[in-house]
Amino acid sequence: NDTATTEIYTLSLHDALPILQGLFIERSNKNMIQNLNEELFSFIKKSPTGFHAVHELANYLTEAGFERLAEGNTWNLAEGGKYFVTRNQSAIIAFKVSRKDYSGFHIAASHSDSPTLKIKESSEMNIENQYVKLNVEKYGGMLCAPWFDRPLSVAGRIIVKDGNRLTTKLINVDRDLLMIPNLAIHMNREVNDGYKYNIQKDMLPLYRMSNSGKAFKEMIAEEAGVSVDQIKGMDLFLYNRMEGTVWGCDGEFISAPRLDDLQCAFTSTMALLNSESDRCIPVVAVFDNEEVGSGTKQGAGSTFLYDILRRINRSLGRTEEEYLTSLASSFMVSADNGHAVHPNYADKTDPTNRTYLNGGLVIKHSANQKYTTDAVSAAVMRCLCERAGVPYQEFLNRSDILGGSTLGNISNAQVSLNTVDVGLPQLAMHSPYETAGSKDMAYLEKAFEEFFKSAIRAEGDGTLVLE
Ligand code: ZN
């Protein structure tokens, strides 16, 4: 209308500038958030399994000038160097050496694996000489229902024999290959009254007709460009083919497979690439097998982190005493997604500690120390968030709900240091298609960047100085 037009025309440049700047910042924030989510979806698409996730993270790091180390070689680290090392091709530790006299290690830990179905060694099952389905078993604790009636495929690794060499090859059959069809409502009228899923009976995916296609192993060999005889080992898993999407009236939400915990693995790696550290050694650790208890050589319960931290110290010519001194001034942020209040089940969340999508990262507490957070580590994390200008929320389970566990306390058995458990708020955890807020990942990245450029100095037992 006329009045509004006149008002705008009468604004002086002096008045208009802050408004324009505000609009610009809002626009660039929106672009930044959008780019981060798009990049996450592309990472998740290329990461159908933990093996692929670690491969992709290694690609990001290599592109940014990080040098790949091998556990089987002698290390000669130097000031200003950037490095990473993988174990079992499904766990990765990356770090930067800013200076030899570093204050401590600032570690962001997460996990590469997600609940899924694993293909059994001998997998083909012929049904009445008509269908061939695949025999699978459960990996981790998943929501079963959402695996039905959607295109699935197979990814993982195979071990190929060539002469006396055994080499690993990553496999991703990048097409709609399998489906687990539901039973029609007409054949089980009570299904909507609650159903107990039996993996062996209900969840075997249909692969081909008996008289068409190829035997499963033959198909995999062809994908890998090797002969069936050369395949001496397989770790192959099902994955959901659906890609990530931004949705909601104003794009408030994102959904994608494996948000738990690829969101945290991705975010911590991006923060490592984007942050300047000049006091601590920033470390990103992505472990495997969190969903099955972390008890493997590449899991958080292993000596992987312990080994790498000691080697960093030794390779920089530092003493055992200096290592232990720096551990006292070290800190771990164990990052694994948490639960937001569910719009249809709001009563499932603790009555006084409420977490919402887009409300910022979640600090997780548990009196039984299933989460490592205590008053000290929570205080450090809150101060880091406040310094970074990002919102945070507190998560506790209802006292009558058991809740899940994560990797922070397991890792502390190997390397004991001040640790806080955090995560991004999400819905439908352990579904093959999970939902989160579109803004939260940017908050977590800023918090990680702040963490990596800080120093947390211990003054005796009980006082920490944030520098
Ligand atoms: Zn997790």
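1. One cavity of 30 Å³ or more is counted, where a cavity is a set of points, on a 1 Å grid over the protein atoms alone, at which a 1.4 Å probe fits but cannot get out. The largest cavity has a volume of about 40 Å³, a volume being the space filled by probe spheres set on the points, which are joined across faces, edges and corners.

2. Leu57, Leu61, Ile92, Ala94, Thr269, Leu272 and Val284 line the largest cavity, lining residues being those with an atom within 4 Å of a point. Two or more of these residues come from each of α3 (50-63), β3 and α6, helices (H or I, at least four residues) and strands (E, at least two) being DSSP runs numbered from the N terminus.

3. This is a predicted model, in which local features need pLDDT of at least 70 and side-chain atom pairs count only at pLDDT 80 or more, whereas totals for chains, interfaces and linings use all residues. Residues are numbered from 1 along each chain as its sequence is written, and side-chain values use heavy atoms, with hydrogens and water left out.

4. Nine strands form an open sheet with mixed pairing, in the order β1-β2-β3-β13-β4-β14-β18-β16-β17; two strands pair if DSSP finds at least two bridges between them. Because β1 (67-69) and β17 (392-395) stand at the edges with a single partner strand each, one side of each is left without a neighbour in the sheet.

5. Strands β16 (residues 361-364) and β18 (residues 418-423) run antiparallel and are joined by three bridges, and lysine 364 stands opposite aspartate 421 in β18.

Terms used. 1 Å grid on protein atoms, 1.4 Å probe; cavity = no way out; pocket = protein on both sides within 12 Å on 5 of 7 lines; lining within 4 Å.
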